[in-house]
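These are my notes from a first look through one model.

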Amino acid sequence: MIVLLDNGHGGLINSKYQTKGKRSPIWDDGSQLFEGEFNRAIVNGIIQELTRLNIPYVNIAPEYRDVRLETRVKRANGYPSKKCFYLSIHANAGGGKGSEIFTSPGDTKSDKIATIFGHAYKNEFPNKILRTDFTDGDLDKERRFYVLTKTKMPAILTENFFMDNEEECKTLLMTKEGREKIIRYHIDAIIRTKVDVFNETAPIN
């Protein structure tokens, strides 16, 4: 199993954020979150753990510039679809709270992976909301996001808390402890996916 990691949006180059919008408000203490920086921090933490566990991965967009969605998908589709799954990392916005997991519409292998991620999230964050949609029988939300519909392999997108929710932003998205917990839930889900979906042995911790 190869994990194709996608840190959404651009990062910071010479202290300049590369993506319009996609940031928290400036809070009263002057702090602000840039989503692309957060996404890269989470992906880098996942990479560190996957390396330690000897689980193969590819960073689809290692650049700090904002790589086009078409380019991300083209890179991903260069890998064998039956051996990979695509994981896109984001922080949410829009005045809510909690986290969400998205797949493309329809009953696919992505749904099974999303359910594994949902359970791992609740294990790590038992007191936090997982925003779900069980109308089709499983917990993921389904949208026609480009990276979910154009990739040839199973693909999920995680929206990790709300950067415009001051409590979630300042206690989870902007703290070392919060980021470590977000990384840990993703790692736990990746290991379970390796075993339950790709029928491979669990790595030795």
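In which loop is the place of Ser 104? I found Ser 104 in the loop between S6 and H3, and I kept in mind that the model I was reading is a predicted one. For contacts I left aside the neighbours within four places in sequence, and Ser 104 then touches Asp 111, Glu 142, Arg 143, Leu 148 and Thr 149. I also noted that 7.9 Å separates the C-alpha atoms of Ser 104 and Ile 156, although the two are 52 residues apart along the chain.

Next I turned to Ser 99, which lies in the loop between strand S5 (84-92) and strand S6 (100-103). Ser 99 has a relative accessible area of 1% and is therefore buried. Its side chain reaches the backbone nitrogen of Phe 161 at 3.1 Å, and Phe 161 is also among the contacts of Ser 99 beyond four places in sequence, which include Tyr 121, Ile 129 and Glu 159.

Last, I looked at the helix pair. The axes of helix H3 (residues 109-124) and helix H6 (residues 176-196) come within 8 Å and cross at roughly 140°, which means that H3 is oblique to H6. I recorded the crossing of H3 and H6 as right-handed. Among the residues that meet there are Ile 116 and Tyr 121 in H3, and Tyr 185 and Ala 189 in H6; the residues of this contact divide into eight nonpolar, two polar and seven charged.

Definitions and conventions. Residues are numbered from 1 along each chain as its sequence is written. This is a predicted model: local features need pLDDT of at least 70, side-chain atom pairs count only at pLDDT 80 or more; totals for chains, interfaces and linings use all residues. Side-chain values use heavy atoms; hydrogens and water are left out. Helices (H or I, at least four residues) and strands (E, at least two) are DSSP runs, numbered from the N terminus. Buried means under 20% relative accessible area, exposed over 50%, partly exposed in between (1.4 Å probe, protein chains only). A polar contact is a pair of N or O atoms within 3.5 Å; within protein, one must be able to donate a hydrogen and the other to accept it, and residues adjacent in sequence count only if both atoms are side-chain atoms. Contact means heavy atoms within 4.5 Å. Axes are lines fitted to C-alpha atoms, for helices over the stretch in contact, and angles run from 0 to 180 degrees between N-to-C directions. Angles under 35 degrees count as roughly parallel, over 145 as roughly antiparallel, 65 to 115 as roughly perpendicular and the rest as oblique. A crossing is left-handed if the near helix is turned anticlockwise from the far one by less than a right angle, and right-handed if clockwise. Ala, Val, Leu, Ile, Met, Phe, Trp, Tyr, Cys and Pro count as nonpolar, Asp, Glu, Lys and Arg as charged, and the others, Gly among them, as polar.
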